Amino acid sequence: MSSSQQIASNRENAEVYHGDSLCKQKSKELLEKISLPKGLLPLDDVVEVGFNEATGFVWLRQKKKKEHIFRRIGRKVAYDTEVTAFVEDRRMRGLTGVKSKELLSWVSLSDIYIDDPNSGKITFGTSSGLSRSFPVSAFEEEN
């Protein structure tokens, strides 16, 4: 199922917000609610954010793709025009629309989670089972 199809099937009974500033605020509130760092989704020109609390499905739509460098760890991440995930406490799973640059290729991320909040580590996983952990502090909001 494509991300657009998932959005359509989860739109009913979802909270949906429009406009860049409101969408950025709501995405940060959602990240805070699930105990993930608020700088994890540094999107621009966000046109829609939706959250279906019953299914845990969340989506973000932005006008164009965006690449962002998380300076504290020197990692480049690409965000597609649609980013979707199922969320729960300290976890985003079934993630679509987010890729990380690893050596010379882009790798699609499918999971982001914090197993142990006391560890100070956040883990990023791929659908093939590969994962890498970084300090949570690298994904706090950058000023």
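**Exercise 1. Find what the side chain of Thr55 reaches, and place Thr55 in the fold.**

Step 1. The side chain of Thr55 reaches the backbone nitrogen of Phe57 at 3.3 Å. A polar contact is a pair of N or O atoms within 3.5 Å; within protein, one must be able to donate a hydrogen and the other to accept it, and residues adjacent in sequence count only if both atoms are side-chain atoms.

Step 2. Thr55 sits in the loop between E2 and E3. Helices (H or I, at least four residues) and strands (E, at least two) are DSSP runs, numbered from the N terminus.

Step 3. Thr55 counts as partly exposed because its relative accessibility is 37%. Buried means under 20% relative accessible area, exposed over 50%, and partly exposed in between (1.4 Å probe, protein chains only).

Step 4. Not counting residues up to four places away in sequence, Thr55 touches Asn10 and Phe86. Contact means heavy atoms within 4.5 Å.

A note on the model: it is predicted, so local features need pLDDT of at least 70 and side-chain atom pairs count only at pLDDT 80 or more, while totals for chains, interfaces and linings use all residues. Residues are numbered from 1 along each chain as its sequence is written, and side-chain values use heavy atoms, with hydrogens and water left out.

**Exercise 2. Say which residues of H1 are buried, and what covers them.**

Step 1. H1 spans residues 3–10, and Ser3, Gln6, Ile7 and Asn10 are buried there.

Step 2. These residues lie on the same side of H1, because they cover an arc of only 100° around the axis. The arc is that of the directions from the helix axis to the C-beta atoms.

Step 3. An α-helix has 3.6 residues a turn, so residues three or four places apart point the same way.

Step 4. The cover over the buried residues of H1 includes E2 (46–52), E3 (57–62), E5 (75–88) and E6 (91–102).

**Exercise 3. Describe the surroundings of Asp44.**

Step 1. Asp44 lies in the loop between H2 (20–33) and E2. Its relative accessibility is 36%, so Asp44 counts as partly exposed.

Step 2. Leave aside neighbours within four places in sequence. Asp44 is then in contact with Asp20, Lys24, Gln62, Lys63 and Lys66.

Step 3. Take Lys24. Asp44 and Lys24 are 20 residues apart in sequence and 8.4 Å apart in space, C-alpha to C-alpha.

Step 4. Take Lys66. The side chains of Asp44 and Lys66 are joined by a polar contact of 3.3 Å.

**Exercise 4. Trace the strands that pair with E6.**

Step 1. Start with E5. E5 and E6 pair in the antiparallel sense over seven bridges. Two strands pair if DSSP finds at least two bridges between them. Phe86 has Arg93 in E6 as its bridge partner.

Step 2. Look at the turn. The hairpin of E5 and E6 has two residues between the strands, and Arg90 takes a positive phi near 60° there.

Step 3. Go on to E7 (residues 105–108). E6 and E7 run antiparallel, joined by four bridges. The bridge partner of Glu102 in E7 is Ser105. The hairpin of E6 and E7 also has two residues between the strands, and Leu103 takes a positive phi near 55°.

Step 4. Finish with E8 (residues 111–113). Three bridges join E6 to E8, and the two run antiparallel. Arg93 has Asp111 in E8 as its bridge partner.
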